[in-house]
Amino acid sequence: MKYRLILWAALLCGFLFRANAQGVEFRDLTFRQALEQAQKEGKLVFMDCYTSWCGPCKLMASKEFVQEKAGEYFNPRFVSVKIDMEKGEGVELRKRYDVNAYPTLLVLNVKGELLCRHAGYLSVDELIDFAE
């Protein structure tokens, strides 16, 4: 009985620890707010340019961005935002950054200047290599 209790406690602790593991923290900010926040925090901006109908975008959101490894790399270095390129300010941003394929991943400085870009799906390791 005592061993079962210890086993259940260990399993529960392991589950709770994994539940706290976090992937990329995408913030609910406008583009302008993301630039301002990046300047305040001394970070760059990582922008996931997506559409609601994009299969690879959904796959990256559910398989790659959620990995703890991605969060450990991106969260200390970037203010990350997801922007739908067919809605709201995304329409203008799509033109500004010439986004024609999805997903398109952009790294920007605090002035909104493009530092690097990638169009298409990336695994978590490829994602980190891209951002380095």
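Let's start with a facing pair: Met 47 stands opposite Leu 106 of strand S3. Strands here are DSSP runs of E, at least two residues long, numbered from the N terminus. What you're looking at is a predicted model, where local features need pLDDT of at least 70, side-chain atom pairs count only at pLDDT 80 or more, and totals for chains, interfaces and linings use all residues. Residues are numbered from 1 along each chain as its sequence is written, and side-chain values use heavy atoms, with hydrogens and water left out.

S1 (residues 44-50) and S3 run antiparallel, paired over five bridges; strands pair if DSSP finds at least two bridges between them. S3 also has five antiparallel bridges to S4 (residues 114-119), where Arg 117 is the bridge partner of Leu 106. S3 and S4 make a hairpin with five residues between them, and Gly 112 in the turn has a positive phi of about 85°.

Five of the five residues of S3 (residues 104-108) are buried, so the strand is largely enclosed by the rest of the structure. Buried means under 20% relative accessible area, with a 1.4 Å probe and protein chains only. In a regular strand, side chains alternate between the two faces of the sheet. Here Thr 104, Leu 106 and Leu 108 point one way, Leu 105 and Val 107 the other.

Now for the rings. Phe 26, Phe 46, Phe 65, Tyr 73, Phe 74 and Phe 78 form one aromatic cluster. The charged end of Lys 82 sits over the ring of Phe 26, 4.8 Å from its centre; this requires Lys NZ or Arg CZ within 6 Å of the ring centre and within 35 degrees of the ring normal.

Terms used. Buried means under 20% relative accessible area, exposed over 50%, partly exposed in between (1.4 Å probe, protein chains only). Helices (H or I, at least four residues) and strands (E, at least two) are DSSP runs, numbered from the N terminus. Rings of Phe, Tyr and Trp (its six-membered ring) pair if their centres lie within 6.5 Å; planes under 30 degrees apart count as stacked, over 60 as edge-to-face and the rest as tilted.
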